[in-house]
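Let us walk through this structure step by step. Have the sequence and the model ready.

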Amino acid sequence: MVRRFNRGSKRFYDGGVFTGGVRKQSAHYSAKIFFNGGLTVRMGINYAASRAEYPLFLCEKHAGQAGKILKEDFMLTKKDLLGLHNTSAEEIIEILDRAEEMKALLRKNRKAEKILSGTALITLFYENSTRTRTSFELAGKYLGASEVNISASSSSVQKGETLIDTGRTLDAMKIDFIAIRHPLAGAPKLLSENVNASVVNAGDGMNEHPTQALLDMFSMREKFGGIAGLKVAILGDIKHSRVAKSNLFGLKKLGAEVYMYAPQTLMPMEIEKLGAHVCSSMEEAIEGAHCVMGLRIQLERQKGGLFPSLSEYSRFYGVKDSMLSLADKDAIIMHPGPVNRGIELTPSLIDGSSSVICEQVTNGLSVRMAILTLLKEYREKNL
Ligand code: CP
């Protein structure tokens, strides 16, 4: 039976048998450690940066021996999760690892682990959502938080209340977490600076959507055993996509290479400076890719004129079935949703055996459970 416990700032996994090995991936190393108790712990050591700086996990015993794994306890370092540009590789790995534990809990149908009992979560959505809002709500409910949804259309925002005043009003009710979606970039940051609650960015304008990128990375890691060394092709409306930006920040930090392709009018200027490879054809982007991610055409953020018509967009920039043959043989098809069927991806790619679009949604629940749990731990220790 594997036991997990904290001592000081260290976390221990005790009582298992280490049977895994270290698998080299690109400039990074990753490994799985299997315990006979059934728990899987992933190791990620970023040797590329500095061995001393990133000792994420230490394995105290060798293969086949009764094992004790010593893991540095990397808690989140901020009260809020606003984006992946300011989230470290260690924090991202911590979230992904915790999400794995949450997924195992859900698999055992142990929704009754009331880790968030006594806390309150508000989902504050100024834009429409199906996946993000529902999974935040379920994450809170499954873990025992009191959960309330506020949408802009039914709140005092309609009477002219500012975002800061709305936040202060919620704070006065001793809220612990606010998951906010807003059409304006920077709204979650502004809110976070004016409330005691932990603010999670559930998508702000064209800026970031960190929880989506985290669930995307979780899904990639689940399929390929690690992120380092993966080639990820992101295709479509990159200019308006907060998902693309958060993925770029997160994936680069974990050692993946990100290739982007879009009509010139939908490619943000100077995205190369953030580490993206900008491709001149879809074939170049997809060639050898492990992950092929389509993006939704965001008609609501366009004033028109960025491409001639949806049918022409689909013809020249939609991903076709035949293109999958260029990708890695185990390549997966991803999309953050909602999908414009037949525009960004063909229906047969959306529903085909390589598609993990539904698994992405499933994983979103575990990832959001992990984020709320880690933020609660941060709050207990620091606030
Ligand atoms: N991917 C995503 O953010 O979907 P929703 O708009 O349904 O939340």
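Helices (H or I, at least four residues) and strands (E, at least two) are DSSP runs, numbered from the N terminus. This is a predicted model: local features need pLDDT of at least 70, side-chain atom pairs count only at pLDDT 80 or more, and totals for chains, interfaces and linings use all residues. Residues are numbered from 1 along each chain as its sequence is written.

Most residues other than glycine have a negative phi, and most peptide bonds are trans. Lys-174 has a phi near 60°, a positive value in a residue other than glycine. Lys-174 sits in the loop between α3 (163-172) and β10 (177-182). Glu-270 also has a positive phi, of about 65°, and is not a glycine. Its loop runs between β13 (257-261) and β14 (277-278).

Are these two residues buried or exposed? A residue is buried if 20 or more other C-beta atoms lie within 10 Å of its own, exposed if 12 or fewer, and partly exposed in between, with C-beta atoms placed from the backbone. Lys-174 counts as exposed because it has 10 C-beta neighbours inside 10 Å. Glu-270 is exposed because 8 other C-beta atoms lie within 10 Å.

Next, the ligand. A residue counts as near it if its C-beta atom, placed from the backbone, lies within 6 Å. The residues around the ligand are Ser-129, Thr-130, Arg-131, Thr-132, Gly-203, Gln-212, Pro-336, Gly-337 and Pro-338. Domain 2 (89-208) and domain 3 (210-361) each give at least three residues to this shell. The domain bounds come from an automatic or database domain assignment. Pro-338 lies in the loop between β16 (332-334) and α9 (347-351).

Now go inside. A nonpolar core is a set of buried Ala, Val, Leu, Ile, Met, Phe, Trp, Tyr and Cys residues joined through C-beta atoms within 7 Å. The largest such core has 90 residues, and Ile-178, Ala-233, Cys-291 and Val-292 touch the most other members. Helix α10 (residues 357-382) supplies its largest share, 9 residues. Domain 2 (89-208) and domain 3 (210-361) each contribute at least three residues to this core.

Finish at Leu-214, in helix α5 (residues 210-224). Leu-214 is buried because 26 other C-beta atoms lie within 10 Å. Leu-214 and Gln-360 are 146 residues apart in sequence, yet 9.9 Å apart in space, C-alpha to C-alpha.
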